[in-house]
Amino acid sequence: MENNSEIAIECKDLSKTYGKTVALDHLSIQIKKGQIAGYLGPNGAGKTTTIRLLLGLVKPTSGSAAIFGLDSKIEKVAIHENLAYVPGESNLWPDLTGAQTLDLLANLRGHSDDAYRKELIERFKLDTSRKFRTYSKGNKQKVALIGALMARSSLLILDEPTAGLDPLMEVEFRGCIHEARENGQTVFLSSHILSEVEALCDQVYILREGKLIESGNLTELKHLSSSEIAIQFKDNVPDISTIRGVTLLSSGHSHLRFKFNGDFNELLKQISNFPVISFFSHEPSLEELFVSLYGK
Amino acid sequence: MAATLVPQISTSRVKRTRVPFRRATKVSLKSSLLWSAAFGLVILSSSISYKSLYPTPSSRKMLQSVFSSNVATNSLFGPAYHLDQIAGFTVFKSFFTLIIIGAIWAIFLSSKALRGEEENLTWEHVIAGTTTLAWATLQVIIGLIDAVVSMWALITVFVYLGSLQSHLGFSFLQCAFFALAISSTPLLFISFGALASQLFTERKTVNIALGWLLGASYALRLVGDSGIGLHWLDYLSPIGWVELLHPMIGPKPIYLLLILVCSGLCLALSVAMASKRDLGQSLLGTKAPSRISPKYLSSSLAFSYKLISTNLFSWLISISATALILARVAESVGSTITGSSVKTVLERIGAQGSGSNLFLGLSFVILAMLFAFMLLGQVLVMRAEESTGHLDALLSTPVSRLRWLGGRVMVLMASEALVGLICILVIWIVLATENLGQGFTSVLLSIANIMPPGILVAGCAIFVFGWFPTKTSVVGYGILAWSMMVEIIAGLGKSSQFLVDTSIFHQVSPYPAASINWKSAVIMTGIGVVGTLLGAYRFNSRDIDPT
C-alpha cells in the first residue's frame, strides 16, 4: 500500500452521470507525486469530466477524488492553492490583454514566479499587449499555459494543453514539462496526441466510454500489444505455429513475418537451431496500442 | 465503375446560400413580434386611459392649455398638439417612449446580427460557403428590414383592432401612419447599426457608438424643441426627423423621404464597405486595449466590479437622467393631475396630496422598474461568467464559490446604493430649486421605498442561478415582464385585484403621495434575501455548468 503522503491524485470508484449518460464509471487511479501522468482517450471518453471532478467544479455521483489527500468535493479552495489548471478550451476574459490576464491569474492564485513568467513569455513568443479576444487559438492557449506554468504549483492539471500550438511551441511545451518534473511538480496531462504522451509521461491511463481500460508505464502497456517481427533465415524456416502468441503474417522459403505477443524466451529457443541472417523486431507505438485497444 | 461521391466542379453560376437571411429573419422576427405587441398595448393603454382620466371637454382643454406651452415637457417628450383629442394625447404620451425603445432594440439587434455574428466566428462558416461578406451583409439587412416591416404591420393591426373594440375612433390610415412613424426609428438605427458594424471590430464598440448617436440625436431635438428659436436643429437629428412626421393628427409624410434616403444611403454604404474589407476586420481597425488599473486585477471582488463597471456607469447615467427629467417636470405635470380624474384614480390606491406629489409618487414607481432591471442585469452577468467558461478559470484558483458569489452580491448592493444616492441628490436638488416642498428625508425615504422590488427580482434570479442556472434569464425577465404587463393591463381599466397584486411594482406605494407600505417592503426584501441565501447555498454545491 502506498504511503498517502506520496500520492498526488487519488480517485476511488469515482463516477459521474448526467441523466442517463454515464460520463465516468467507477474510476480508481493513484498518481504519485512528481510523476507525469498521461490521461488518454478519444473524444467523449470522460477525460474532461475527470478533470472537472478533480477540480471540484462538478460533484461526483459516487466515489471520491482527492488531491494531496484533500477531498475535491469539500476542500476545493485548499486544493486550488497547490494546483494550476489549463482548460481544453481557453475561455478567458476577452477584454483583458494577455498581460492583464496573467496578472489577474497570478493575483488570484496568490503566487507566481515573475522571472519565470517573463522567460515563458519569451519562449512562447507571446505578445501580451493584445486583447485576449484578438488572439488566435494557439495564442489563447499560450496565455493559459503561461498562466499555469508561471505559478510553479505542485500540481499541473492540463487538459489538451497543446491544442492549437504549432510544432515549435509543442517542443517548447515539452521542455517546460520536463523542467516541471525536475522541479518535483506533478503533471496530469489529458491528451489524445499520443506522441506527446509517449514523449512525456511516466504513467499512462487509458479511458474508454468512461471506464479505465488500461494503465501502467509505457513499457508495460506496450507489452499488451503485439510486436511485429521479421526474420530472414539462412536456410529453412522453423515451425513457430505452436508457440503461444504468434500470428503469422507471411512466410517464405527462408523468411517469416509475424506478430508476437508471447514469451520471447520460448520463441528464441524454438529458432535457435536455425541460422539467422537478420532479425527485426518492431515494438508497437502508443498509437498502435491505442488503435488496437479502441479497435476491439 | 463505382459512382464518385465527390460532385463535379461547376464553373457555371453558383446559387448563393440564403442562410444569413434566414438566420437574421428568425432571430429578429421573434423579438419584433414581442415588441410590436408591447408597443400596441402601450398605445391602446394610453388612449383608453385618456378617455377615463379626462372624460370632460373642460379637463381636456385644461390639459391642452397646460402642456401646449410647457417648454420642459415639449423639450423632453416633443411638442404637445391636440391634447384635447384622444389621438393627440396618445401620440404625446406614447410616441417618444416607443421610438426611443425602438431605437435601442434596433441598436442591439443590428449589432448582434452583423458585428456580433462576425465576432463570435459564426460567419467564418457562412462565408466559407457559397456567399461573400457583402452578400451576407445584404441578406442580413434584408432580414432585419423584414422584422421592421412586420413591426409596422403588427402595430397597425393591433392598434386599429383595439381602436374599433374600444371605440377610439382612429382610422386605419391614422393607425398605419402612426405605426410607420414608430417603426421608422428602428429602420434608421438598423441602418446606422449596419454602418457602425463595418466601422468597428467589436460589438461592444458598435453599441457604444450607436448609444452616443442616439443620445446626441435626442439632445439635438431637445434643444430644437426648447423654444429658443433653434427649431432647425430638429432637421439635424434622426429622432427629430421622426418627430417631424407628426403622426395621427396633421401627418407630414414628406419627412419620410429624409428617413428613407438616409437609411438607404447607410445600408448601401454598409454593403459596399463589406465588399472591401476582410472578414473579422473593420474600417477603423481595433482600438488599442485600454489600461486597467492593477487594483482591479488584485482580487476577485475588485475584478467583479471591473466586469460590471461599464454597465453600471450606463445605468447610473440612465437612471439619474430619468430622475432628473421626472423631478424637473413634476410641477407642470402635477398641475394637470390636480382637478382631473387621474387624481381620483390615484386616491383610490391611497395616494394623496398635491398634483406634483401624486406625479412624484408615480415617478418613483417608474424608477423602481429601472432599478429592478439594473440589478437583474448584474445577476445575468454572473450567469454569463459561468456560461462562457470564465468561471471555470476563476474557480480553479483558490477563490471559493461563496467568496465569488458574495463579492458579486456586495457589488450589486453597492451599485444599488450608489445609484440610489446619486438619484437622491439629483431629485433633492431639482425639487429644492422648484420649491416643491420635498425635504432631503422625504426624497431619501422615496428612494428607499423603491429598492425592494429590485432586491426581490435579484434575489429570485440568484435563487434560480443557484438551482436552475440555465433558466436565470427567463425567470428574471419573466418576473419583470409579467409585472409590467399587469401594470399596463391595470391601466386599461378594472382588473382583478389578485392579478394586480401579482405585479411586484404594484406592491410599491406611490410615496410621497401615499405612506410607505413597510409590510410589503419588508416582505419583498425578505424574499430577496432568502432567495439569495438559498441560491448561494445551492451554488456552493452544484456543478458548474458552462453551457
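## Domain contact in chain A

In chain A, 12 residues of domain 1 are in contact with nine residues of domain 2; contact means that the C-beta atoms of two residues, placed from the backbone, lie within 7 Å. This is a predicted model: local features need pLDDT of at least 70, side-chain atom pairs count only at pLDDT 80 or more, and totals for chains, interfaces and linings use all residues. Residues are numbered from 1 along each chain as its sequence is written, while chains are lettered from A and ligands numbered from 1 in the order in which they are written.

On the domain 1 side, the elements giving two or more residues are helix 7 (194-200), strand 9, strand 10 and helix 8 (218-222) of chain A. Helices (H or I, at least four residues) and strands (E, at least two) are DSSP runs, numbered from the N terminus. By class, this side of domain 1 of chain A has eight nonpolar, no polar and four charged residues. Ala, Val, Leu, Ile, Met, Phe, Trp, Tyr, Cys and Pro count as nonpolar; Asp, Glu, Lys and Arg count as charged; the others, Gly among them, count as polar.

## Domain layout

Chain A is assigned domain 1 (4-222) and domain 2 (227-294). The bounds come from an automatic or database domain assignment. Taken over C-alpha atoms, the centres of these two domains of chain A are 40 Å apart.

Chain B is assigned domain 1 (16-53 + 94-280) and domain 2 (292-547). Here the centres, again over C-alpha atoms, are separated by 28 Å.

## The sheet in chain A

Six strands of chain A form an open, mixed sheet in the order 6-7-8-3-9-10. Two strands pair if DSSP finds at least two bridges between them. Strand 6 (83-86) and strand 10 (211-216) of chain A are the edges, each pairing on one side only. The twist averages 15° from one strand to the next. Axes are lines fitted to C-alpha atoms, for helices over the stretch in contact, and angles run from 0 to 180 degrees between N-to-C directions.

Strand 9 (residues 203-208) and strand 10 of chain A run antiparallel, joined by five bridges. A:Arg208 has A:Lys211 of strand 10 as its bridge partner. Helix 1 (residues 47-55) of chain A packs on the sheet. This helix touches strands 3 (36-40), 6, 7 (155-159), 8 (186-191) and 9 of chain A, and its direction makes about 145° with that of strand 7.

## Contact between the chains

Chain B brings 24 residues to the contact, and chain A brings 26 residues. On the chain B side, helix 11 (300-337) and helix 14 (390-395) are the elements giving two or more residues. Helix 14 of chain B gives the most, with five residues. The chain B side divides into 11 nonpolar, 11 polar and two charged residues.
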